[in-house]
Amino acid sequence: MMPTLRIPVLASVAAALVLLCAAALAAAQEQNPLAAPKSHIQVGFPAELYSWVIPPDNPQSPAKVALGRKLFFDDSLSADGTVSCDQCHSPTKGFTDQLPTSMGIHKAFGQRNAPTVLNALFNTLQFWDGRAPTLERQTEGPILNPVEMGNKNLEDVVAKVKSIAEYQQPFQQVFDGLITLVNIEKAIAAYERTQIAFDTPFDHFMAGDQNAISAQAKHGWDLFNGQGRCMTCHGWNPTQPLFTDNRFHNIGVSAHKSDFVPLARKALALIQQGGGGMQQLDQLAIQTDMSGLGRFLVTKQPHDIGAFRTMGLRNLLVTEPYFHDGSQQTLWDVIDHYNKGGVQNPYLDGGLLPLGLSESDEDDLVAFLATLTSPEYADAAKEELDHQQTRAKTDRPQRDTAAAFGKTGLGPGFKGPFGDIGPAQNQENPALLGGD
Ligand code: HEC
Ligand code: HEC
């Protein structure tokens with residue numbers, strides 16, 4: 001008799017402890033100085049752009065931001081009370097989880113890498129494929145996704161927030177007591193809009209301090225704008241200093257593992273059945289092999305097959321690993337990918353060409369990217385840079401020097417692919433997709 005009685009008791013004590021620990025951790029994260037709203041007094045802060053991106057129907061206020069901060073760190077927003085937004089967007093990890101792909105409820109893994117929330121207010125669309133139009137609407141994705149926060153519907157979440165005593169007063173103060181989905185979303189988005197990150201050595205350099213970055217990093221900046229061709233997609237200017245064109249390009253990341261045409265057909269059939277609403281797209285992107293189709297899931301345009309949003313490049317040394325599937329461990333691996341001209345596939349962006357960067361050029365580009373770290377992450381970034389540098393000395397899975405110097409693909413008379421060719425791609429005319 002004893003064991004049958006005691007095991008459930010022990011199990012529920014253990015379960016309660018797990019919940020308590022999770023709650024205590026989330027609370028500690030919430031109070032972490034890195035979670036605090038950021039000052040606008042930062043060199044390089046784009047004040048004009050900021051004024052454009054704050055939506056008129058959701059103005060910032062300190063009380064709203066405090067409420068959103070509480071919601072962001074609250075495990076109650078998940079189905080079983082164990083997962084908050086910060087599990088995958090932790091302030092101490094540059095508002096990411098530093099995992100290749102994210103782990104959500106019941107320790108299930110999705111297909112995509114968690115991008116940072118830092119500076120996400122400046123994105124014109126949210127998610128790697130831009131399927132959410134605003135930060136407000138973005139929150140519905142993880143809340144409902146079965147492997148992220150796992151709720152059955154949005155009403156359950158609203159009911160749960162309503163049932164928590166601590167939320168009564170702040171919702172009274174900010175939203176006249178209306179605890180609704182729209183107001184929960186507005187508060188979380190308002191908190192996210194306080195997470196701005198500039199004031200980097202590079203910003204000081206552009207503001208005129210010639211000594212803010214090293215000679216090596218200056219050479220890297222030249223390569224970024226010249227031989228490396230990076231600025232064609234990751235452009236910088238004083239009004240748009242985010243290093244992104246906010247557009248979608250196939251640079252070949254998912255061509256490593258996908259044969260796009262059959263996958264696209266499968267996705268089109270499912271979308272036709274399921275209606276293609278945001279929740280269905282979210283599940284295809286997070287939970288299936290169709291994830292690698294990227295922007296195509298949203299637009300159904302063949303030219304968007306395998307295309308993902310150009311990510312900003314700030315604070316890369318606290319948001320590793322890289323790319324939409326977290327497939328690259330170091331910045332050297334990322335640059336090796338570009339140096340060989342990406343991964344060949346029929347939808348590869350025309351801007352990707354072998355770059356002919358030498359080893360020291362690659363080191364200089366990394367030195368430049370390292371200058372894009374905001375001061376609060378300087379120590380963590382330095383440690384990560386050392387770690388990546390050590391790793392890059394021996395472990396360079398993407399390096400293909402012959403392809404980078406055009407010896408495999410672009411020599412006279414050579415018509416075939418260059419660089420990493422990935423699996424054989426079905427060369428069927430993409431215009432016929434979905435036409436049967
Ligand atoms: C289980 C991990 C997980 C949880 C929990 C989670 N996210 Fe995310 N988040 C991700 C992943 C993965 C992506 C990228 C998905 C994609 O693009 O398809 C993402 C994307 C985002 C983006 C878009 C950023 C960009 O640059 O496109 C924002 C903003 C964001 N999450 C905020 C939140 C908020 C707010 C919550 C809580 C309501 C939350 N996340 C909960 C993993 C998570
Ligand atoms: C044709 C446009 C294009 C060019 C040129 C380009 N990028 Fe990218 N970059 C992208 C896109 C799109 C992604 C996201 C791709 C993905 O994950 O599938 C990306 C992702 C990245 C990432 C990873 C960001 C993250 O958070 O995971 C880094 C780092 C990066 N690029 C650096 C560079 C550098 C350095 C160069 C020049 C050598 C360069 N890029 C050239 C479009 C481009």
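**Reading a predicted two-ligand model**

Q: In which loop is Asp 199 found?
A: Asp 199 is found in the loop between H9 and helix H10 (201-206). Helices are DSSP runs of H or I with at least four residues, strands are E runs of at least two, and both are numbered from the N terminus. The protein has 18 helices and two strands. This is a predicted model, in which local features need pLDDT of at least 70, side-chain atom pairs count only at pLDDT 80 or more, and totals for chains, interfaces and linings use all residues. Residues are numbered from 1 along each chain as its sequence is written, while chains are lettered from A and ligands numbered from 1 in the order in which they are written.

Q: What is phi at His 106, and where does the residue lie?
A: His 106 also has a positive phi, near 55°, and lies in the loop between H4 and H5. His 106 is exposed, because 12 other C-beta atoms lie within 10 Å. Lys 107 is placed in the loop between H4 and H5 as well, and counts as exposed with 9 C-beta neighbours inside 10 Å. Lys 107 and Val 83 are 24 residues apart in sequence, and their C-alpha atoms are 9.9 Å apart.

Q: Is the peptide bond from Glu 320 to Pro 321 cis or trans?
A: That bond is cis, with omega near -10°. Pro 321 is found in the loop between strand S2 (308-309) and H15.

Q: How many residues surround ligand 1, and which are the closest?
A: A residue is near a molecule if its C-beta atom, placed from the backbone, lies within 6 Å of it. Ligand 1 is surrounded by 30 residues, the closest being Cys 85, Cys 88, Gly 104, Phe 127 and Pro 142. Elements giving two or more residues to this shell include helix H4 (85-88), helix H5 (135-138) and helix H9 (181-192). The most comes from H4, with three residues. The shell divides into 18 nonpolar, nine polar and three charged residues; Ala, Val, Leu, Ile, Met, Phe, Trp, Tyr, Cys and Pro count as nonpolar, Asp, Glu, Lys and Arg as charged, and the others, Gly among them, as polar.

Q: Which residues are the closest to ligand 2?
A: Of the 25 residues surrounding ligand 2, the closest are Cys 230, Cys 233, Val 253, Phe 323 and His 324. Helix H15 (residues 331-339) gives the most to this shell, with three residues. By class, the shell has 15 nonpolar, eight polar and two charged residues.

Q: How many residues has the largest nonpolar core?
A: In soluble globular proteins, nonpolar side chains tend to be buried together. A nonpolar core is a set of buried Ala, Val, Leu, Ile, Met, Phe, Trp, Tyr and Cys residues joined through C-beta atoms within 7 Å. The largest here has 51 residues, and Ala 187, Ala 264, Leu 293 and Leu 297 have the most contacts inside it. H9 provides the largest share, six residues. This core draws at least three residues from each of domain 1 (18-192) and domain 2 (201-432), with bounds from an automatic or database domain assignment. A second, separate core of 34 residues includes Leu 316, Val 334, Ala 381 and Ala 404.

Methods
Buried ≥ 20, exposed ≤ 12 C-beta atoms within 10 Å, placed from the backbone.
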